[in-house]
Amino acid sequence: MDTTQSEALTAMVAVIGLFLFMTLPALIGIAHERRTDRQIRRAEAANVAAERGDAPAATRPAGGRPAKGAAPRRTARAA
């Protein structure tokens, strides 16, 4: 490999490195947003299931009824 090829290789590696350096925060942000959206969808589905009364058995008290003296769940709704 002569000098011209090694300089071209060094320049190409530098450009690829700068490209990754510039895009990595955006890719991390996209992954974080997808995880957050997945958690929101899961929470909304659990909330809908709880309102309908068909929540999974693990989230319901024994007997399938709310505990005595338990306050009803109230969720905020846009007016």
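Helices (H or I, at least four residues) and strands (E, at least two) are DSSP runs, numbered from the N terminus. This model is predicted: local features need pLDDT of at least 70, side-chain atom pairs count only at pLDDT 80 or more, and totals for chains, interfaces and linings use all residues. Residues are numbered from 1 along each chain as its sequence is written, and side-chain values use heavy atoms, without hydrogens and water.

**View 1. The end of helix α1.** Gly53 comes after α1. Its phi is positive, near 90°. The protein chain has 1 helix and 0 strands.

**View 2. The length of α1.** The helix has 50 residues. At 1.5 Å a residue (times one less than the number of residues), α1 should span 74 Å. Its end C-alpha atoms lie 72 Å apart, which agrees.

**View 3. A bend at Thr23.** Here α1 bends by about 35°. The bend is the angle between axes fitted to the seven residues ending there and the seven starting there. Pro25, a proline, follows within four residues.

**View 4. Phe19 on the helix.** Phe19 is found in α1, residues 3-52. Is Phe19 buried or exposed? Phe19 is exposed, because its relative accessible area is 54% and exposed means over 50% (buried is under 20%, partly exposed in between; 1.4 Å probe, protein chains only). Of the 79 residues of the protein chain, 3% count as buried.
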